[in-house]
Amino acid sequence: MSGGSLNTTAPRLHKNALYLVPINGSIDWLYQVVYTVAIGSKKMPSTTAAFAVKALLCSSLFSLINFAAASPQQWKQWTCDELTPNLCELQVESGSVTIKSIPVHYWRYTRKKNDDGNNKNDDDQSMSNSNNSSISNSIIALHGGPGWPHSYLLPLKQLACRGDTAEVIFYDQAGCGESVPYANTTATVSNTSADTTINDAASSVKDQYPHLLDPIYYSEIELPTLIHHWKLQHYHVLGHSWGTILAQLFALNYVNKHNKNTTVEGFNTKEEGLQSLILSGPISNAQAYISAQWNPSDQNNLASLPPFVQHRIHALEESKAYDSMEYKAIDSVLSTFFTLRTAPPPDCFGDSAAGVNEEVYVGMQGASEFTISGVLGDLDLTSRLPELSVPVLLTHGKYDTMRPSTVKAIQDQIPISERVMFPHSGHVSMIDDAGLMNDVVASFIHRVEEGVEIVGMNEGETTKAAAAADGTVEEGDAVKDSPSHSWTWIKVVTAFLAGLVIGELKIGRRRNGDG
(Lines give C-alpha, C1' and ligand atoms only; values in the text may rest on other atoms or scores of the structure.)
Protein backbone atom coordinates (compact mmCIF):
# COMPACT_ATOMS: atom_id res chain seq x y z
CA MET A 1 0.00 0.00 0.00
CA SER A 2 1.19 3.41 -0.81
CA GLY A 3 0.01 4.95 2.47
CA GLY A 4 0.68 2.14 4.93
CA SER A 5 -1.94 0.33 7.00
CA LEU A 6 -3.73 1.00 10.24
CA ASN A 7 -2.26 -1.09 13.05
CA THR A 8 -5.06 -3.43 14.14
CA THR A 9 -3.61 -3.64 17.64
CA ALA A 10 -4.08 0.08 18.18
CA PRO A 11 -7.35 1.19 19.78
CA ARG A 12 -9.96 2.61 17.39
CA LEU A 13 -10.53 6.22 18.41
CA HIS A 14 -13.75 8.16 18.20
CA LYS A 15 -13.45 11.55 16.48
CA ASN A 16 -11.90 14.22 18.82
CA ALA A 17 -10.96 11.56 21.43
CA LEU A 18 -7.62 12.10 23.13
CA TYR A 19 -5.41 9.48 24.72
CA LEU A 20 -2.06 9.71 26.42
CA VAL A 21 0.72 8.16 24.36
CA PRO A 22 3.69 6.54 26.11
CA ILE A 23 6.96 8.28 25.35
CA ASN A 24 8.46 5.07 23.95
CA GLY A 25 5.42 4.50 21.68
CA SER A 26 5.81 4.06 17.94
CA ILE A 27 5.82 7.19 15.78
CA ASP A 28 3.85 5.17 13.24
CA TRP A 29 1.16 4.39 15.81
CA LEU A 30 1.10 8.03 16.98
CA TYR A 31 0.73 9.15 13.38
CA GLN A 32 -2.18 6.82 12.81
CA VAL A 33 -3.89 7.96 16.00
CA VAL A 34 -3.51 11.65 15.15
CA TYR A 35 -4.66 11.11 11.58
CA THR A 36 -7.71 9.16 12.71
CA VAL A 37 -8.67 11.78 15.27
CA ALA A 38 -8.09 14.76 12.99
CA ILE A 39 -9.53 13.38 9.76
CA GLY A 40 -12.11 11.01 11.19
CA SER A 41 -11.20 8.38 8.60
CA LYS A 42 -9.07 5.28 8.44
CA LYS A 43 -8.08 6.00 4.82
CA MET A 44 -4.37 6.77 4.74
CA PRO A 45 -2.78 9.51 2.58
CA SER A 46 0.02 9.02 0.08
CA THR A 47 3.45 7.87 1.21
CA THR A 48 4.94 11.31 0.74
CA ALA A 49 2.22 13.01 2.78
CA ALA A 50 2.45 10.33 5.46
CA PHE A 51 6.20 10.78 5.64
CA ALA A 52 5.89 14.55 6.07
CA VAL A 53 3.35 14.19 8.86
CA LYS A 54 5.46 11.56 10.61
CA ALA A 55 8.56 13.73 10.36
CA LEU A 56 6.72 16.64 11.90
CA LEU A 57 5.40 14.41 14.72
CA CYS A 58 8.90 13.06 15.32
CA SER A 59 10.45 16.51 15.58
CA SER A 60 7.64 17.81 17.77
CA LEU A 61 7.87 14.86 20.16
CA PHE A 62 11.65 15.19 20.34
CA SER A 63 11.37 18.91 21.09
CA LEU A 64 8.69 18.33 23.72
CA ILE A 65 10.74 15.69 25.54
CA ASN A 66 13.88 17.82 25.38
CA PHE A 67 12.06 20.93 26.64
CA ALA A 68 10.45 19.01 29.51
CA ALA A 69 13.83 17.63 30.58
CA ALA A 70 15.68 20.93 30.30
CA SER A 71 13.11 23.38 31.62
CA PRO A 72 13.40 24.36 35.29
CA GLN A 73 10.44 24.52 37.62
CA GLN A 74 8.17 27.50 37.14
CA TRP A 75 9.88 30.64 38.43
CA LYS A 76 8.08 32.49 41.20
CA GLN A 77 10.37 35.24 42.46
CA TRP A 78 13.89 35.92 43.65
CA THR A 79 14.77 35.15 47.22
CA CYS A 80 16.82 37.42 49.41
CA ASP A 81 19.11 34.51 50.24
CA GLU A 82 20.09 34.01 46.58
CA LEU A 83 20.90 37.70 46.06
CA THR A 84 23.08 37.81 49.21
CA PRO A 85 26.68 36.81 48.37
CA ASN A 86 28.74 34.60 50.66
CA LEU A 87 25.84 33.60 52.88
CA CYS A 88 26.83 30.85 55.29
CA GLU A 89 24.68 28.35 57.19
CA LEU A 90 23.10 30.19 60.08
CA GLN A 91 21.06 29.30 63.10
CA VAL A 92 18.35 31.55 64.47
CA GLU A 93 16.93 31.93 67.94
CA SER A 94 13.58 33.62 68.28
CA GLY A 95 11.68 34.99 71.20
CA SER A 96 9.51 37.82 72.40
CA VAL A 97 9.29 40.40 75.16
CA THR A 98 5.99 41.97 76.12
CA ILE A 99 6.31 45.76 76.30
CA LYS A 100 3.27 47.90 77.06
CA SER A 101 0.99 44.89 76.50
CA ILE A 102 2.40 44.12 73.03
CA PRO A 103 4.69 41.11 72.45
CA VAL A 104 7.75 42.34 70.56
CA HIS A 105 9.25 39.47 68.57
CA TYR A 106 12.92 39.14 67.73
CA TRP A 107 15.32 36.86 65.84
CA ARG A 108 19.02 36.37 66.66
CA TYR A 109 21.19 35.02 63.83
CA THR A 110 24.57 33.38 64.43
CA ARG A 111 26.82 31.08 62.42
CA LYS A 112 25.60 27.53 62.89
CA LYS A 113 27.62 25.56 65.42
CA ASN A 114 28.99 22.09 64.78
CA ASP A 115 27.91 21.02 68.25
CA ASP A 116 24.19 20.21 68.08
CA GLY A 117 23.91 20.92 71.76
CA ASN A 118 24.15 24.63 70.99
CA ASN A 119 21.06 24.65 68.81
CA LYS A 120 17.98 26.53 69.94
CA ASN A 121 15.00 24.92 71.62
CA ASP A 122 12.10 26.27 69.55
CA ASP A 123 9.73 25.97 72.50
CA ASP A 124 11.81 28.27 74.70
CA GLN A 125 10.35 31.79 74.74
CA SER A 126 12.85 33.22 77.23
CA MET A 127 16.18 33.19 75.44
CA SER A 128 17.60 36.33 76.98
CA ASN A 129 21.12 34.90 77.03
CA SER A 130 20.60 31.32 75.88
CA ASN A 131 23.60 29.86 74.05
CA ASN A 132 25.02 33.36 73.50
CA SER A 133 27.56 33.56 76.30
CA SER A 134 30.37 33.57 73.72
CA ILE A 135 28.88 36.35 71.60
CA SER A 136 31.08 39.43 71.77
CA ASN A 137 29.91 41.36 68.72
CA SER A 138 26.16 41.97 68.37
CA ILE A 139 24.59 44.04 65.59
CA ILE A 140 21.04 45.24 66.26
CA ALA A 141 19.08 46.06 63.08
CA LEU A 142 16.31 48.67 63.27
CA HIS A 143 13.85 48.46 60.38
CA GLY A 144 12.26 51.41 58.63
CA GLY A 145 8.73 52.49 57.96
CA PRO A 146 7.54 53.38 60.44
CA GLY A 147 5.57 50.16 60.62
CA TRP A 148 7.53 48.10 58.05
CA PRO A 149 8.58 44.73 59.57
CA HIS A 150 12.17 43.56 59.54
CA SER A 151 12.09 40.90 56.77
CA TYR A 152 13.47 43.16 54.01
CA LEU A 153 16.61 43.65 56.11
CA LEU A 154 17.44 39.93 56.10
CA PRO A 155 20.36 40.18 53.61
CA LEU A 156 22.18 41.81 56.55
CA LYS A 157 22.18 38.48 58.37
CA GLN A 158 25.27 37.66 56.29
CA LEU A 159 27.18 39.84 58.76
CA ALA A 160 26.80 36.97 61.23
CA CYS A 161 28.99 34.90 58.89
CA ARG A 162 31.96 37.19 59.58
CA GLY A 163 33.01 35.40 62.77
CA ASP A 164 32.00 32.81 65.30
CA THR A 165 31.39 35.50 67.91
CA ALA A 166 29.16 37.69 65.73
CA GLU A 167 25.39 37.86 65.73
CA VAL A 168 22.79 39.96 63.94
CA ILE A 169 19.54 40.68 65.77
CA PHE A 170 16.31 41.69 64.03
CA TYR A 171 13.01 42.54 65.62
CA ASP A 172 9.61 43.77 64.53
CA GLN A 173 8.82 47.04 66.25
CA ALA A 174 5.55 47.03 68.18
CA GLY A 175 2.47 47.27 66.00
CA CYS A 176 3.78 45.64 62.81
CA GLY A 177 4.76 42.24 61.47
CA GLU A 178 4.59 39.67 64.23
CA SER A 179 4.72 42.25 67.02
CA VAL A 180 1.01 42.98 67.14
CA PRO A 181 -1.37 42.74 70.11
CA TYR A 182 -2.68 39.22 70.54
CA ALA A 183 -6.26 40.43 70.11
CA ASN A 184 -5.36 41.93 66.74
CA THR A 185 -3.85 38.90 65.04
CA THR A 186 -5.99 36.78 62.78
CA ALA A 187 -3.30 34.41 61.54
CA THR A 188 -0.20 32.71 62.83
CA VAL A 189 2.82 33.91 60.89
CA SER A 190 6.36 32.76 60.33
CA ASN A 191 9.54 34.72 59.80
CA THR A 192 9.73 33.85 56.10
CA SER A 193 6.10 34.03 55.04
CA ALA A 194 3.75 36.80 54.07
CA ASP A 195 0.79 35.60 56.14
CA THR A 196 0.74 38.43 58.66
CA THR A 197 -2.67 40.03 58.88
CA ILE A 198 -4.11 42.54 61.30
CA ASN A 199 -7.77 42.38 62.14
CA ASP A 200 -9.76 45.26 60.73
CA ALA A 201 -11.76 45.22 63.94
CA ALA A 202 -8.65 46.19 65.87
CA SER A 203 -9.50 49.79 66.45
CA SER A 204 -7.43 52.90 66.03
CA VAL A 205 -3.81 52.81 67.11
CA LYS A 206 -4.25 56.39 68.22
CA ASP A 207 -7.03 55.37 70.62
CA GLN A 208 -5.71 52.09 72.03
CA TYR A 209 -1.94 52.33 71.57
CA PRO A 210 -1.00 56.00 71.26
CA HIS A 211 2.62 55.24 72.18
CA LEU A 212 3.03 53.62 68.73
CA LEU A 213 2.92 57.13 67.28
CA ASP A 214 5.63 58.42 69.61
CA PRO A 215 9.30 58.10 68.51
CA ILE A 216 10.37 58.29 72.17
CA TYR A 217 8.66 54.95 72.89
CA TYR A 218 10.69 53.14 70.23
CA SER A 219 14.03 54.76 71.09
CA GLU A 220 13.92 55.07 74.87
CA ILE A 221 11.59 52.28 75.98
CA GLU A 222 11.34 49.47 73.42
CA LEU A 223 14.98 49.28 72.26
CA PRO A 224 16.56 49.64 75.72
CA THR A 225 14.16 47.01 77.11
CA LEU A 226 15.21 44.56 74.42
CA ILE A 227 18.92 45.26 74.92
CA HIS A 228 18.59 44.60 78.65
CA HIS A 229 16.54 41.47 77.99
CA TRP A 230 19.29 40.18 75.71
CA LYS A 231 21.90 41.18 78.33
CA LEU A 232 24.08 42.73 75.64
CA GLN A 233 27.26 44.31 76.87
CA HIS A 234 28.86 45.13 73.54
CA TYR A 235 26.80 46.03 70.48
CA HIS A 236 26.45 48.11 67.34
CA VAL A 237 23.15 49.60 66.15
CA LEU A 238 22.30 49.58 62.45
CA GLY A 239 19.25 51.61 61.47
CA HIS A 240 17.61 51.99 58.09
CA SER A 241 15.41 54.93 57.05
CA TRP A 242 13.02 55.52 59.98
CA GLY A 243 15.33 53.20 61.91
CA THR A 244 18.10 55.80 61.59
CA ILE A 245 15.91 58.28 63.49
CA LEU A 246 15.49 55.71 66.27
CA ALA A 247 19.22 55.05 66.31
CA GLN A 248 20.03 58.77 66.62
CA LEU A 249 17.43 59.33 69.35
CA PHE A 250 18.65 56.24 71.21
CA ALA A 251 22.27 57.43 71.14
CA LEU A 252 21.46 61.07 71.91
CA ASN A 253 18.79 60.66 74.57
CA TYR A 254 19.23 57.27 76.16
CA VAL A 255 22.91 56.34 75.80
CA ASN A 256 24.29 59.83 76.41
CA LYS A 257 22.04 60.25 79.43
CA HIS A 258 23.11 56.99 81.00
CA ASN A 259 26.77 57.42 80.10
CA LYS A 260 26.88 60.12 82.76
CA ASN A 261 26.59 57.29 85.26
CA THR A 262 29.27 54.70 85.89
CA THR A 263 27.07 51.70 85.24
CA VAL A 264 23.66 50.88 83.88
CA GLU A 265 22.05 47.55 84.68
CA GLY A 266 25.34 46.11 85.85
CA PHE A 267 27.63 47.02 82.94
CA ASN A 268 29.83 49.97 82.16
CA THR A 269 28.21 51.96 79.37
CA LYS A 270 31.35 53.88 78.47
CA GLU A 271 33.71 50.95 77.95
CA GLU A 272 31.02 48.55 76.80
CA GLY A 273 27.47 49.23 75.62
CA LEU A 274 26.98 51.01 72.29
CA GLN A 275 30.09 50.89 70.11
CA SER A 276 28.96 52.51 66.87
CA LEU A 277 26.01 53.56 64.72
CA ILE A 278 25.43 52.52 61.11
CA LEU A 279 22.82 54.78 59.51
CA SER A 280 21.57 53.54 56.13
CA GLY A 281 19.48 56.01 54.13
CA PRO A 282 19.57 58.41 57.09
CA ILE A 283 17.31 61.31 57.91
CA SER A 284 17.89 63.91 60.60
CA ASN A 285 15.88 66.83 59.22
CA ALA A 286 12.50 66.15 57.61
CA GLN A 287 12.26 69.44 55.73
CA ALA A 288 15.80 69.16 54.37
CA TYR A 289 14.92 65.69 53.12
CA ILE A 290 11.84 67.01 51.33
CA SER A 291 13.71 69.93 49.74
CA ALA A 292 16.47 67.66 48.44
CA GLN A 293 13.87 65.57 46.60
CA TRP A 294 13.11 68.51 44.31
CA ASN A 295 16.55 70.08 44.02
CA PRO A 296 16.95 70.81 40.28
CA SER A 297 20.74 70.51 40.46
CA ASP A 298 20.46 66.84 41.47
CA GLN A 299 20.49 64.37 38.60
CA ASN A 300 18.84 61.42 40.33
CA ASN A 301 15.88 62.78 42.30
CA LEU A 302 12.26 63.73 41.63
CA ALA A 303 13.37 66.92 39.86
CA SER A 304 15.02 64.75 37.20
CA LEU A 305 11.65 63.33 36.11
CA PRO A 306 9.92 64.59 32.94
CA PRO A 307 8.09 67.90 33.51
CA PHE A 308 4.64 66.39 32.98
CA VAL A 309 5.24 63.73 35.65
CA GLN A 310 6.47 66.38 38.10
CA HIS A 311 3.38 68.47 37.35
CA ARG A 312 1.03 65.56 38.01
CA ILE A 313 2.77 64.70 41.30
CA HIS A 314 2.44 68.31 42.52
CA ALA A 315 -1.20 68.48 41.41
CA LEU A 316 -2.11 65.25 43.17
CA GLU A 317 -0.23 66.29 46.29
CA GLU A 318 -2.03 69.62 46.43
CA SER A 319 -5.42 67.95 46.12
CA LYS A 320 -4.37 65.21 48.59
CA ALA A 321 -5.50 62.57 46.10
CA TYR A 322 -3.40 59.91 47.76
CA ASP A 323 -5.94 57.17 47.17
CA SER A 324 -6.43 57.92 43.47
CA MET A 325 -5.44 55.32 40.90
CA GLU A 326 -3.16 57.84 39.21
CA TYR A 327 -1.26 58.61 42.43
CA LYS A 328 -0.84 54.94 43.24
CA ALA A 329 0.33 54.19 39.71
CA ILE A 330 2.97 56.94 39.85
CA ASP A 331 4.16 55.79 43.27
CA SER A 332 4.38 52.18 42.12
CA VAL A 333 6.57 53.05 39.15
CA LEU A 334 8.78 55.55 40.96
CA SER A 335 9.40 53.04 43.73
CA THR A 336 11.52 51.09 41.25
CA PHE A 337 13.50 54.28 40.53
CA PHE A 338 14.29 55.47 44.02
CA THR A 339 13.19 52.94 46.66
CA LEU A 340 13.95 49.39 45.57
CA ARG A 341 15.63 49.08 42.19
CA THR A 342 15.70 45.29 42.37
CA ALA A 343 12.59 44.60 40.30
CA PRO A 344 10.61 42.47 40.61
CA PRO A 345 11.13 42.61 44.37
CA PRO A 346 12.48 39.54 46.19
CA ASP A 347 10.56 37.53 48.75
CA CYS A 348 11.75 39.27 51.91
CA PHE A 349 10.57 42.66 50.65
CA GLY A 350 7.15 41.23 49.91
CA ASP A 351 7.04 39.68 53.37
CA SER A 352 7.63 43.09 54.91
CA ALA A 353 5.00 44.72 52.71
CA ALA A 354 2.47 42.12 53.87
CA GLY A 355 3.01 43.03 57.52
CA VAL A 356 2.94 46.83 57.29
CA ASN A 357 0.86 48.72 59.84
CA GLU A 358 -0.64 51.40 57.63
CA GLU A 359 -2.04 53.38 60.53
CA VAL A 360 1.35 53.69 62.19
CA TYR A 361 3.00 54.47 58.85
CA VAL A 362 0.54 57.20 57.86
CA GLY A 363 0.36 58.58 61.38
CA MET A 364 4.11 59.06 61.57
CA GLN A 365 5.09 59.65 57.94
CA GLY A 366 1.88 61.01 56.47
CA ALA A 367 -0.20 59.79 53.55
CA SER A 368 2.12 61.33 50.95
CA GLU A 369 4.98 59.29 49.52
CA PHE A 370 6.84 62.42 48.39
CA THR A 371 6.85 64.47 51.57
CA ILE A 372 6.48 64.08 55.36
CA SER A 373 3.38 65.43 57.05
CA GLY A 374 2.77 63.22 60.07
CA VAL A 375 4.34 63.18 63.54
CA LEU A 376 7.79 63.32 61.92
CA GLY A 377 7.01 66.38 59.79
CA ASP A 378 8.90 68.77 62.08
CA LEU A 379 11.78 66.44 62.91
CA ASP A 380 15.16 68.16 63.12
CA LEU A 381 18.04 66.56 65.00
CA THR A 382 20.77 68.40 63.09
CA SER A 383 21.83 70.70 65.93
CA ARG A 384 22.26 67.75 68.28
CA LEU A 385 24.38 65.57 66.02
CA PRO A 386 27.68 66.91 67.42
CA GLU A 387 26.68 65.22 70.71
CA LEU A 388 27.11 61.76 69.19
CA SER A 389 30.09 60.22 70.95
CA VAL A 390 30.48 56.98 68.97
CA PRO A 391 31.78 56.43 65.42
CA VAL A 392 29.03 56.67 62.78
CA LEU A 393 28.89 55.11 59.32
CA LEU A 394 26.49 56.83 56.92
CA THR A 395 25.44 54.91 53.81
CA HIS A 396 23.06 55.71 50.98
CA GLY A 397 22.34 54.65 47.42
CA LYS A 398 23.15 56.64 44.32
CA TYR A 399 19.42 56.79 43.55
CA ASP A 400 18.31 56.94 47.18
CA THR A 401 15.44 59.13 48.32
CA MET A 402 17.95 60.33 50.91
CA ARG A 403 20.01 62.47 48.56
CA PRO A 404 23.80 62.91 48.84
CA SER A 405 23.41 66.55 49.87
CA THR A 406 21.17 65.51 52.76
CA VAL A 407 23.53 62.79 53.96
CA LYS A 408 26.56 65.06 53.55
CA ALA A 409 24.84 67.67 55.76
CA ILE A 410 24.42 64.99 58.44
CA GLN A 411 28.04 63.91 58.15
CA ASP A 412 29.29 67.46 58.58
CA GLN A 413 27.71 67.59 62.05
CA ILE A 414 28.99 64.26 63.41
CA PRO A 415 32.42 64.30 65.07
CA ILE A 416 33.53 60.80 63.98
CA SER A 417 31.92 59.63 60.77
CA GLU A 418 32.35 58.05 57.36
CA ARG A 419 30.04 58.16 54.37
CA VAL A 420 29.70 55.64 51.55
CA MET A 421 27.43 55.81 48.51
CA PHE A 422 26.44 52.52 46.86
CA PRO A 423 26.47 52.70 43.04
CA HIS A 424 23.46 50.52 42.18
CA SER A 425 21.09 51.28 45.02
CA GLY A 426 17.89 53.07 45.69
CA HIS A 427 16.78 53.48 49.29
CA VAL A 428 16.97 49.76 50.14
CA SER A 429 20.71 49.24 49.75
CA MET A 430 20.75 46.00 51.73
CA ILE A 431 18.87 44.41 48.81
CA ASP A 432 20.07 46.45 45.81
CA ASP A 433 23.75 46.25 46.82
CA ALA A 434 23.61 43.39 49.31
CA GLY A 435 27.20 42.16 49.04
CA LEU A 436 28.71 45.63 48.85
CA MET A 437 26.78 46.92 51.83
CA ASN A 438 27.67 43.92 53.99
CA ASP A 439 31.35 44.34 53.15
CA VAL A 440 31.31 48.06 53.93
CA VAL A 441 29.51 47.55 57.25
CA ALA A 442 31.79 44.65 58.22
CA SER A 443 34.90 46.71 57.43
CA PHE A 444 33.63 49.63 59.49
CA ILE A 445 32.74 47.49 62.50
CA HIS A 446 36.08 45.69 62.31
CA ARG A 447 37.97 48.97 62.41
CA VAL A 448 35.86 50.20 65.32
CA GLU A 449 36.52 46.97 67.19
CA GLU A 450 40.25 47.17 66.47
CA GLY A 451 40.46 50.83 67.51
CA VAL A 452 41.51 51.97 64.04
CA GLU A 453 40.89 55.64 63.44
CA ILE A 454 37.70 56.38 61.54
CA VAL A 455 38.41 58.96 58.86
CA GLY A 456 35.67 60.88 57.07
CA MET A 457 35.11 59.78 53.47
CA ASN A 458 34.06 61.97 50.58
CA GLU A 459 31.38 61.15 48.04
CA GLY A 460 32.48 58.48 45.63
CA GLU A 461 35.12 57.11 47.97
CA THR A 462 34.77 53.67 49.44
CA THR A 463 36.68 51.37 51.74
CA LYS A 464 39.02 48.70 50.48
CA ALA A 465 36.39 46.11 51.37
CA ALA A 466 33.81 47.95 49.29
CA ALA A 467 36.12 48.10 46.29
CA ALA A 468 36.79 44.37 46.58
CA ALA A 469 33.10 43.66 46.85
CA ASP A 470 32.24 45.39 43.57
CA GLY A 471 32.40 42.02 41.83
CA THR A 472 31.61 39.51 44.51
CA VAL A 473 29.56 37.24 42.27
CA GLU A 474 31.96 34.78 40.69
CA GLU A 475 31.31 33.56 37.17
CA GLY A 476 30.69 30.04 38.48
CA ASP A 477 28.09 31.34 40.92
CA ALA A 478 25.91 32.95 38.29
CA VAL A 479 22.32 31.75 38.06
CA LYS A 480 21.95 29.39 35.14
CA ASP A 481 19.46 30.55 32.53
CA SER A 482 16.88 28.25 31.03
CA PRO A 483 17.56 27.18 27.43
CA SER A 484 16.97 29.97 24.95
CA HIS A 485 14.11 29.83 22.48
CA SER A 486 16.54 30.02 19.55
CA TRP A 487 18.44 26.94 20.75
CA THR A 488 15.17 25.04 21.24
CA TRP A 489 14.09 25.80 17.67
CA ILE A 490 17.46 24.69 16.33
CA LYS A 491 16.81 21.33 17.94
CA VAL A 492 13.30 21.23 16.48
CA VAL A 493 14.57 21.91 12.95
CA THR A 494 17.34 19.34 13.36
CA ALA A 495 14.84 16.72 14.46
CA PHE A 496 12.58 17.59 11.53
CA LEU A 497 15.40 17.19 9.02
CA ALA A 498 16.39 13.92 10.64
CA GLY A 499 12.81 12.77 10.22
CA LEU A 500 12.90 13.70 6.54
CA VAL A 501 16.05 11.65 5.96
CA ILE A 502 14.63 8.62 7.77
CA GLY A 503 11.39 8.93 5.86
CA GLU A 504 13.15 9.13 2.50
CA LEU A 505 15.16 6.02 3.36
CA LYS A 506 11.96 4.14 4.19
CA ILE A 507 10.32 5.26 0.93
CA GLY A 508 13.39 4.17 -1.02
CA ARG A 509 13.37 0.75 0.61
CA ARG A 510 9.68 0.27 -0.15
CA ARG A 511 10.18 1.24 -3.80
CA ASN A 512 12.99 -1.31 -4.03
CA GLY A 513 10.75 -3.96 -2.50
CA ASP A 514 12.64 -4.10 0.82
CA GLY A 515 9.81 -2.87 2.94
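Author: Two strands pair if DSSP finds at least two bridges between them. Keep that in mind; this model is predicted.

Reader: What makes β5 and β8 a pair?

Author: Seven bridges join β5 (residues 234-240) to β8 (residues 273-280). The definition asks for at least two, so they pair. The two strands run parallel.

Reader: Why are β1 and β10 called edge strands?

Author: The open sheet has eight strands, in the order β1-β2-β4-β3-β5-β8-β9-β10. Its pairing is mixed. β1 (90-99) and β10 (417-422) each have a single partner strand, so one side of each lacks a neighbour in the sheet. Neighbouring strands are turned by 20 degrees against each other on average, direction ignored.

Reader: How do you know what span to expect for helix α4?

Author: Take 1.5 Å times one less than the number of residues. α4 (residues 215-230) has 16 residues, and the expected span is 22 Å. From first C-alpha to last, the helix reaches 22 Å, close to that expectation.

Reader: What is the kink in α4, and where does it lie?

Author: The kink is about 25 degrees, at Glu222, shortly before Pro224. That angle is taken between axes fitted to the seven residues ending there and the seven starting there.

Reader: What makes Asp214 a cap for α4?

Author: A side-chain oxygen of Asp214 lies 3.0 Å from the backbone nitrogen of Ile216. The cut-off for a polar contact is 3.5 Å, so this pair is within it.

Definitions and conventions: Residues numbered from 1 in each chain as written. Predicted model: local features only at pLDDT ≥ 70, side-chain atom pairs only at ≥ 80, totals over all residues. Heavy atoms only, no water. Helix = DSSP H or I, 4+ residues; strand = E, 2+ residues; numbered from the N terminus. Polar contact = N/O pair within 3.5 Å; in protein donor to acceptor, adjacent residues only side chain to side chain. Axes fitted to C-alpha atoms, helices over the stretch in contact; angles between N-to-C directions.
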